[in-house]
Amino acid sequence: MPILVPPVLPAGALARLAQPVIPAGDGLLLRPWRAEDAPVVHAAFQDPVQRQWHGRFTESEDEAKDWIATWRQDWAGESRATWAVADADTDEVVGRVALREIHLEDACAEVAYWTVARSRGRGVAVTATEALTRWAFDEIGFHRLELTHSTANEASCRVATKSGYDLEGTRRSYVLHQDGWHDMHLHARVNER
């Protein structure tokens, strides 16, 4: 069956490139994950707040190392693009930002983020999300980025709003968390260029 509309972004739009380091401002940068970051990932997912909003956690540093290996493979497969958010001076990892559910043919993806406990409330997620959004729109040519979070996660809603993602609606009973089904806010930004 012929396709009437060509892909907006061609296959290889990401994989043809080495995953970049992205300056984020405010003393932060986005960089590819490294195997030696596994202790930070493992520690982040031991935090009860982190577990509250995520459906999985890592039981060991070896498992976290496997996650990192998968994140690196996802770049080549163009299914996800995941960065460590790091202090530009010390290289200390303070969070994660990612494009999930990448659909190059439609030039859309979903943004996801988290921060380590000691970095919350400092604007890390906002700065990282804004930097990733600029890169995705300006360097790659994505058309639409979405962001979802539990309606109960007020901090994540503030990050989305401060990052310029408009609230478009609520997906009812959309994601299963440990405490049951959660309604999810859907935020989005559209590349107007």
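Predicted model: local features only at pLDDT ≥ 70, side-chain atom pairs only at ≥ 80, totals over all residues.
The largest pocket has a volume of about 1,400 Å³. Its lining comprises 49 residues. Those nearest the pocket centre are W53, H54, A112, Y113 and T148. The elements giving two or more are α2 (48-53), α3 (61-77), β4 (93-103), β5 (108-115), α4 (124-140), β6 (144-150), α5 (154-162) and β7 (166-177). The top contributor is β5, with eight residues. By residue class, the lining of the largest pocket holds 21 nonpolar, 15 polar and 13 charged residues.

α4 contains 17 residues. From first to last C-alpha, α4 reaches 23 Å, close to the 24 Å expected at 1.5 Å a residue. Most of α4 is covered, with 13 of its 17 residues buried. G141 follows α4 and has a positive phi, near 100°.

Most residues other than glycine have a negative phi. D91 is not a glycine, yet its phi is positive, at about 70°. D91 sits in the loop between β3 (81-87) and β4. A107, also a residue other than glycine, has a positive phi near 55°. The loop between β4 and β5 holds A107. The surroundings of these two residues were also computed. D91 is partly exposed, with a relative accessible area of 30%. A107 is buried, with a relative accessible area of 0%.

How values were computed:
Residues numbered from 1 in each chain as written. Heavy atoms only, no water. 1 Å grid on protein atoms, 1.4 Å probe; cavity = no way out; pocket = protein on both sides within 12 Å on 5 of 7 lines; lining within 4 Å. Points joined across faces, edges and corners; volume = space filled by probe spheres on them. Helix = DSSP H or I, 4+ residues; strand = E, 2+ residues; numbered from the N terminus. Nonpolar A, V, L, I, M, F, W, Y, C, P; charged D, E, K, R; others polar. Expected span 1.5 Å × (residues − 1). Buried < 20%, exposed > 50% of the residue type's maximum accessible area, 1.4 Å probe, protein only.
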